[in-house]
Amino acid sequence: MTLSKNLEKKIGKKVKRCQLSIEKDAGIEFCDEPTQLITICNAGLSTGLQQEALLKEALQYGTIQHVLFPPGKSYCFLQCSSNSEARAIYAALNGICTLGQDGAVLLLAFCKTLPPCQDDPWNTELPDGLILERDFIDNSLEKALLEAVHFEDSEQAATELNKTLKHRKVKHFGYEFVYGSNNVDRTKPLDRKIPSVCNELWKKLQQLHPHLRWHVPDQLTVNQYEPGQGIPPHVDTHSAFEDPILSLSLGSDIVMEFKQPSSGKAVCVDLSSRSLLIMSGESRYDWTHGITPRKMDTIPAPNGGLTVRKRQLRVSLTFRKLLPNEQCECTFPRLCDTAQQSVSNQASLLESQAAQVEAENVHRVYNEIAKHFSDTRHSPWPRVEAFVRSLSIGDVLLDVGCGNGKYLASYGRSVLLGCDRSEGLLQVCVERGFNVLQCDCLAVPFRDQSVDACISIAVIHHLATDRRREQAISEMVRVLRPGGRALIYVWAKNQEANAKKSSYLRQNKQNNKPPTVDEPVKVESQPVQVERVAAGAGDCTLPVHTNRTQFQHQDLLVPWKLKSNESMEKATFLRYYHVFEEHELEKLCLASSKNSIELLDSYYDQGNWETKAHRRKATTVERSAVTKLFIACFDNAVELDELVVGIVFQQFNQLRKLHLHVHALELKLVNVQIGQDAVDTVKNRRLLPEFRTDRLLIANERSVLFGQCIKLLIVTNIQIEQCLGQLIVLGKFVVVHNLRFDQLNQGGYC
């Protein structure tokens, strides 16, 4: 088929657009002249393109040496044997082959190099302990085994066989292997024992591998695979079975895939008919194995390169030996259920090592990833933004754990202050001109009852114990004035509340697809990697979460991948999280506040739990004491007239919000007017453009909040225009830093 000139021109424009995106993403260079390397610009793993289907089309026009499907990408690569074969494949498929998403034609282009990638799964050494004995049995023994484990065709038998699995047939001997837990129920042995014909296998195996730690199996699972069927990646439960595990293949050849979650390595093993696969040691304990459901396999061609092979009916016999004490003693904890059980007992270890864990897996990590993290955190969450916008004129807001300060942008006439532990994120805030300081959320350096509102967004879940989480909330309550409000967000353990996936899960495209192949693997049966946390933290280990999946544990490590400048390799940083169950945050708030707050609202917001609260107002006795204290101060002030006292009492609520050291209070009466150009002439300062009164209270901002002794000036009828280097606005107060009263001269200029 030949493309018309008009269609060829349209295809060319589409290819150019794709090239720009791929060049930026994969770091490769395209060229117009034919090379051995072809890029499929609009189809890959993320669009559902299957390697076997692509090879079936391409192999009609040339030899393929290598196929590269980058994970999660909408493009892939073919490496041909020669430029001429690449040209023939290009001419036959570009704009013609309909293997694209929803039947779209493929868009092809020549490139000079392939992007950095993982090792070729066909040219990678087998995992340690993985042994493949080809032609382990002969035709006659294969026939005898198939007869011994044959599947009945009766309707009753079919119902029994398929009660667990939706598609492939399965049959158990000795004990039933329970898919989902990858274990057996030891209390329910089966009457159906392993056929005696299998005894010939043990004799031959001991002769070939006398060094193996060997036990005669007492459990057998037989699976019958039709073309297109498979089994998801899994590891047989460590504590359930001895080492090794054996898999005998009968009937059709098939490709089994091994993956090591900790390293990302992948190995393809071609299981030929009548071969025996021995999984022992590392391959048994530290690698998953599975069969991708498809009707063709990609395999190395006899004369080099790759080819495809159709699947036919296959029967597998998997032999296992139950572990007597149900306690695994392997040296591979990442996928070990015995090791993972200890994760649930980490509370006491975390309690003693909490500060160390946070220092290593929170503070250090966020300093390392600060710039990249900030670049991905630019859009305010709508409900948090609405809370900040709801503040009144002059209210002081404190953002505890402000990160890059995305909630510190000016909203009306509120005063927005932020604090964080990360130097890198605070530097971002400083560059944006925000008012921030460095501190730990467990000890906030602000006076009691000094702010009108507090927010803590995605912070509390980084604290490693309940006691420390309570302390952080208690600090927020302490600095909150009576009647002030707090808003707290934490990550929720359940990411599918109300039967709807959170935005976090939806970013994984696989989560948006309905299940179409084989039975789903239950979340709790998926392999879980565990890692030792902070150095010197004893035996404290935590599970490593798989990003964009449902949470399996409350205390865990969440990876953050950061591409280095020198190479395409990505470094992985593990951040500690405690994800919250429903109502857990509310209980924590009430426990930490000593009955000083009242919960206003709680809700689930896109994978997060939110709690909104306000601090109960002071009692009548407390208000009277404060009022008398101010009145006593007024009696000692210098020549205060009724007008000044009236002004102060009008602003009495603001004074009480700031909780000043009133024994050091000094009041002066001065007139002030603010020039039109005052705002524009002072860099990094904020001045209210419209002031409803011409009597302003002047004080040192940091001193007010930190509780140092200060002097206050009430100023009227002074012209302030351009000389405002030490002037900012704090709520309804004009704040002058280090400015003496005698510097306000009669000419009206600072």
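Colleague: Which are the buried residues of helix α12, residues 423-431?

Modeller: This is a predicted model, and buried here means under 20% relative accessible area. By that cut-off, the buried residues of α12 are L425, L426, V428 and C429. They lie on the same side of the helix because the arc they cover around the axis is only 150°.

Colleague: Which exposed residues does the face of α12 turned away from its buried side carry?

Modeller: An α-helix has 3.6 residues a turn, so residues three or four places apart point the same way. On the face of α12 turned away from the buried side, the exposed residues are E423 and E431.

Colleague: What volume does the largest cavity have, and which strand gives the most to its lining?

Modeller: The whole structure holds 11 cavities of 30 Å³ or more, and the largest has a volume of about 160 Å³. Of the 18 residues lining the largest cavity, Y225, I231, H234, H289 and T318 are the closest to its centre. Several strands, among them β10 (219-225) and β11 (231-234), each supply at least two residues of this lining. With 4 residues, the strand that gives the most is β19.

Notes: Residues are numbered from 1 along each chain as its sequence is written. This is a predicted model: local features need pLDDT of at least 70, side-chain atom pairs count only at pLDDT 80 or more; totals for chains, interfaces and linings use all residues. Side-chain values use heavy atoms; hydrogens and water are left out. Buried means under 20% relative accessible area, exposed over 50%, partly exposed in between (1.4 Å probe, protein chains only). The arc is that of the directions from the helix axis to the C-beta atoms. On a 1 Å grid over the protein atoms alone, a cavity is a set of points where a 1.4 Å probe fits but cannot get out, and a pocket is an open set with protein on both sides within 12 Å along at least five of seven lines; lining residues have an atom within 4 Å of a point. Grid points are joined across faces, edges and corners, and a volume is the space filled by probe spheres set on the points.
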